[in-house]
Amino acid sequence: MSEKMSENTNALNWFEIPATDISRATKFYEAIFEVKLAYMEMMGMKMAMFPTNPEGGKVGGGLCQSDMSTPSKTGVAVYLNANPDLQLVIDRIEKIGGKVVMPKTSLGENGFMSFFEDTEGNIVGLHSMG
């Protein structure tokens, strides 16, 4: 039985960032985060998942190209983990075809945030403690 949402559970269970060109989007995210995304197809969707360990209670998600996924600058705000310092990720964004739309901004004791536009036209948030 799964645990009800509480302060001890993740409010975010899964995320999907829409893509119109899964190959281009995968290259972009792999380059800015210096990771390898796992590609798969299921139920007519092309997906590239970020590294995760669901058994360890970690939230997973990825890129999704399908008839139901439309990139947008409005809608749900997703903040990706850019620890230890989101400036390292920001510095790679424009070199690989994205656009920084809000620079590194202090949240005081809650770390730092930023927003960027990816190669698909989505506005995505970054968060780090440094």
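1. Glu34 is exposed, at 59% relative accessible area, where exposed means over 50%, buried under 20% and partly exposed in between (1.4 Å probe, protein chains only). The side chain of Glu34 forms a salt bridge with that of Arg92, at 3.6 Å from N to O; the term denotes a side-chain nitrogen of Lys or Arg within 4 Å of a carboxyl oxygen of Asp or Glu. Glu34 lies in the loop between helix 1 (22-33) and strand 2 (38-42), and Arg92 in helix 2 (residues 86-93), so the pair links distant parts of the chain, 58 residues apart. Arg92 is partly exposed, with 23% relative accessibility.

2. This is a predicted model, in which local features need pLDDT of at least 70 and side-chain atom pairs count only at pLDDT 80 or more, while totals for chains, interfaces and linings use all residues. Residues are numbered from 1 along each chain as its sequence is written, and side-chain values use heavy atoms, with hydrogens and water left out.

3. The protein chain has two helices and eight strands, arranged along the sequence as β-α-β-β-β-β-α-β-β-β. Helices (H or I, at least four residues) and strands (E, at least two) are DSSP runs, numbered from the N terminus.

4. On overall dimensions, the C-alpha trace spans about 40 × 40 × 25 Å along its principal axes.

5. Buried residues make up 38% of the 130 residues. Of the contacts (heavy atoms within 4.5 Å) between residues at least 6 apart in sequence, 55% join residues at least 24 apart.

6. The structure holds five salt bridges, the pair of Glu34 and Arg92 being one of them. Side chains of opposite charge can pair when their charged atoms come close.

7. Glu117 forms another such bridge with Lys73, the closest N and O atoms being 3.2 Å apart. This pair also links distant parts of the chain: Glu117 is in strand 7 (residues 112-117), and Lys73 is in the loop between strand 4 (60-65) and strand 5 (79-81), 44 residues apart. Glu117 counts as buried, at 19% relative accessibility.

8. The side chains of Glu30 and Lys36 likewise meet in a salt bridge, at 3.7 Å from N to O. Glu30 is buried, with a relative accessible area of 18%, whereas Lys36 is exposed, at 64%.
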